[in-house]
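This report is for a reader who is new to the structure. Please look over the sequence and the model first.

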Amino acid sequence: MFGGIAGLLRGRYGDAKRLDESDPRWKLFALDVLSAAPVFTRRFKATATQVKPARAFVAELLGSGHPRLDDAVLLTSELAGNVVRHAVEREFDVSVSLADGGVLVVRDCGSLKIPRPRNAADDEVGGRGLDLVNALGRLGGAFIGTRSGARWCGFSWGRRAVRLVSDSRRRVECVTSRSCEKYGIATRNRGGKMSQNDLIITGGHVITMDPAVPDGPASVVVRAGRIVDVVPADREIPQAAEVVDATGSVVLPGLVDTHRHTWQSATRHFGLDLNLMDYLQAAFLQLGPAMRPADVHAATLLGALGAIDSGITTLVDWAHIQNTPEHSDAAVAALRESGMRGVFAYGWPQVDPLRWVMDSEAELPGDIRRVRAELADDNARVTMALAARGPEMCRMSAVKRDLDLARELGLRTTMHLSNEGGVRALHEIGVLDETVTLVHACGCGDDELKLAADLGVTASVSPLIEMTMSGLGTPATGRLKAAGVVTGLSVDTEIATSGDLFTQMRAALAQHRQAGHPEPLSARDLLAMATIGGAAVAGLNDRTGSITPGKSADLIVVAADTVATAPVVEPTAATVLAAHPGLVRTVMVEGRLLKHDGVLLAPVRQALDAAADTLAYLRQATQGVFPAATATS
Ligand SMILES: [Zn+2]
């Protein structure tokens, strides 16, 4: 087999005939699992003096004509340096594949773990190589304890995708020039022509939620942040710079949470036993006034990351915490930082809180105009809406003024509304149209829901909290569907419910079936509420909510080959009944990976610490809200 390698190298890299085939250092290590190209490895002692020979090994094997020689040598140097510094083993392997998409790996000898990347926050000064190593880590290459197996760093210079290959499970992942650019790593592309597609998700069962695009085994093709094609598995898999392997998984449009008070996510779960009045007192009289801008930021970022982790790519952040302009800015900043698609729904201040919600005539802060100017681009990833108080909190004159303001500013309106008569009252003052969403709608009459449907009004149901928090009413899921109201699901507040939409889908299903409502409610109906229906409720169904060419690449991959889900008979039912955040492998928004290989690509530790600080502060700043402190917080 060695006889063919010099020719192979010559053929590929022109002047790269550097390999002395008789040199015993070159040992055929394996065949690249995908291309059957030869892979060479050499073992080094894990000492600082061996880093240089490791670099030389790679340089010699690739040859001076190799278009990614500098990057490969730099990465070898960084990874080898990490072995020396961190590895348990006393030796390490460097392997190089001669595949079109060429791969390079440095690993602890005899270990299934890749050398841990140095912590950029540690005592090291970060350079390009360290950035590259860290990028690999964030993209799933170096998380010890997850997906065991050596990881391969790929460099692209041919037509094939660049890859990170785990040799233990033959999963294909990617680090591409694009990924590197995302992390500020310079790349060059002097080699063969790259595909113009940025990414494909391939090998999975695609549920499009678009009647015009068939479900089934297919590849989803992404270019410039958009879905450009859904290619059935019986056709040739398109080329792309980056490949996400969805084998054994379901590929779905990202989920949409249509109503969440994300500013409350740092005070999760303490309110399981609260009724509605207790909750409102805690939220409006104690927590709201105490929240500082940094607390809003911490809570919103944590809530958003939790949402992303569970496959939610779009969140309507129902932010009735506009205490000061800095509070508004903090929430917007957190949504932007999270990477998810967000609708910042501007509410009202929790300063002198009853003034805003008890038969209120108070006019919203003029700062809403400044925030609108800040969020002027309605095509941006984070857009704006009005979180209005509605007739249950305001006099009708104030309701009309709020909604007129929304119209003037070109904002959609989302409004809590549960009581019978509310829809009629709103219609009488002429404010109901397709830009308005009713949150809960539990007590609205069937005639009112029909009126709402006729006017194009949408609804948001928060099934679990409506059933568990006494005073909210009974979920109107079946009645809304029967009336023809476009409906989305929502979490509402993590104070008293779980933050993922799989739970909400199951809660809606259970309530609907238990109530014996005659309107059929299928798994597909539930998934529609969590995706395309929710997108319509958020006013974003022109860009998200389904796997439709032209829409933004807001996509998730949910593992289905697990003991919790397999064997899959019907993918939609399996998703609705058994999916959970731990099965969400990949999440992307506008084609950008936010979670990959089950790992959030975000500064999770900092977010958790900031939220813990906020909770500690709120324990001090409020009275009688929280039960006694527990060990975990
Ligand atoms: Zn709410």
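The sections below cover a metal site and a pocket in a predicted model.

## Donors of the zinc ion

Four protein residues supply donors to the zinc ion: His259 (NE2), His261 (NE2), His416 (NE2) and Asp492 (OD). Their distances from the ion run from 2.1 to 2.5 Å. Along the chain, these donors follow the spacing H-x1-H-x154-H-x75-D.

Histidine 259 belongs to strand S13 (residues 255-260), and histidine 416 to strand S17 (residues 412-417), so the pair ties together parts that are 157 residues apart in sequence. Both histidine 259 and histidine 416 are buried.

## Geometry of the site

The 4 donor atoms make angles of 82 to 173° at the zinc ion, and the site is irregular. The site does not count as tetrahedral, because that class requires all angles to lie between 85 and 135 degrees.

## The second largest pocket

The second largest pocket has a volume of about 580 Å³. Its lining is made up of 26 residues. Those nearest the centre of the pocket are Leu276, Met277, Leu280, Phe284 and Met393.

Helix H6 (276-290), helix H9 (354-357) and S17 are the elements that each give two or more residues to this lining. H6 gives the most, with 7 residues.

By residue type, the lining of the second largest pocket has 14 nonpolar, 9 polar and 3 charged residues.

Methods. Residues numbered from 1 in each chain as written. Predicted model: local features only at pLDDT ≥ 70, side-chain atom pairs only at ≥ 80, totals over all residues. Heavy atoms only, no water. Donors = N, O, S within 2.8 Å, 3.2 Å for Na, K, Ca; no water. Tetrahedral: all angles 85-135°; square planar, octahedral: opposite > 155°, others 65-115°. Helix = DSSP H or I, 4+ residues; strand = E, 2+ residues; numbered from the N terminus. Buried < 20%, exposed > 50% of the residue type's maximum accessible area, 1.4 Å probe, protein only. 1 Å grid on protein atoms, 1.4 Å probe; cavity = no way out; pocket = protein on both sides within 12 Å on 5 of 7 lines; lining within 4 Å. Points joined across faces, edges and corners; volume = space filled by probe spheres on them. Nonpolar A, V, L, I, M, F, W, Y, C, P; charged D, E, K, R; others polar.
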